[in-house]
Amino acid sequence: MYCVNKPANVKKMALLMSSYSPNVYDGATAEFRDICNYWQVENMGFVSAKVDEQKTEETKQKITDLVEKL
């Protein structure tokens, strides 16, 4: 997404991330916030889950809540 213009009709963005390690999302979330600001779109938030959290009911609910906001 770096170095391209804003896609047509984008008004909101959300980010879903997964990793085998906890607390490795700072760079990605900073880039995501910067892109939202640059494109002037609404940042709807993000959900992150490390491998052992991916299939929990709590994570599924966080994803559902994020999608409903879009």
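This is a chat about a predicted model of one protein chain.

Reader: Hi! How many helices and strands does the chain have?

Author: Hello! The chain has two helices and two strands, and along the sequence they follow the pattern β-α-β-α.

Reader: Nice. What is the mean pLDDT of the chain?

Author: The mean pLDDT is 85, and 96% of the residues reach 70 or more.

Reader: And which element has the lowest mean pLDDT?

Author: That is helix α2, residues 57-69, with a mean of 86, whereas α1 has the highest, at 91.

Reader: Good to know. Which residues make up the largest nonpolar core?

Author: Seven residues do: V10, M13, F32, I35, C36, W39 and V41.

Reader: Which element gives the largest share of this core?

Author: Helix α1 does, with four residues.

Reader: Let's pick C36, then. What is C36 in contact with, leaving aside neighbours within four places in sequence?

Author: With those neighbours set aside, C36 is in contact with M13, V41 and N43.

Reader: Now T29. Where does it lie?

Author: T29 lies in helix α1, which spans residues 26-39.

Reader: Is T29 buried or exposed, and why do you say so?

Author: T29 counts as buried because its relative accessible area is 6%, and the cut-off for buried is under 20%. Not counting residues up to four places away in sequence, T29 touches L15, M17 and F46.

Reader: Switching to the backbone: what is phi of N9?

Author: Phi of N9 is near 70 degrees, a positive value in a residue other than glycine. N9 sits in the segment before β1 (12-19). With a relative accessible area of 70%, N9 is exposed.

Reader: And what about phi of Q40?

Author: Q40 is not a glycine, yet its phi is positive, about 55 degrees. You'll find Q40 in the loop between α1 and β2 (42-50). Q40 is exposed as well, with a relative accessible area of 72%.

Reader: Back to the whole chain. What share of the residues is buried?

Author: Buried residues make up 24% of the 70 residues. The accessible surface comes to about 5300 Å², and 51% of that belongs to carbon and sulfur atoms.

Reader: Last one: how many positive and negative side chains are there?

Author: There are 9 positive and 10 negative side chains, and the centres of the two sets lie 5 Å apart.

Note on methods: Residues numbered from 1 in each chain as written. Predicted model: local features only at pLDDT ≥ 70, side-chain atom pairs only at ≥ 80, totals over all residues. Heavy atoms only, no water. Buried < 20%, exposed > 50% of the residue type's maximum accessible area, 1.4 Å probe, protein only. Contact = heavy atoms within 4.5 Å. pLDDT = per-residue confidence, 0-100. Core = buried A, V, L, I, M, F, W, Y, C linked by side-chain atoms within 4.5 Å. Areas by Shrake-Rupley, 256 points an atom, 1.4 Å probe, with all protein chains shown as cover. Lys, Arg positive; Asp, Glu negative; His and termini not counted. Charge placed at Lys NZ, Arg CZ, Asp CG, Glu CD.
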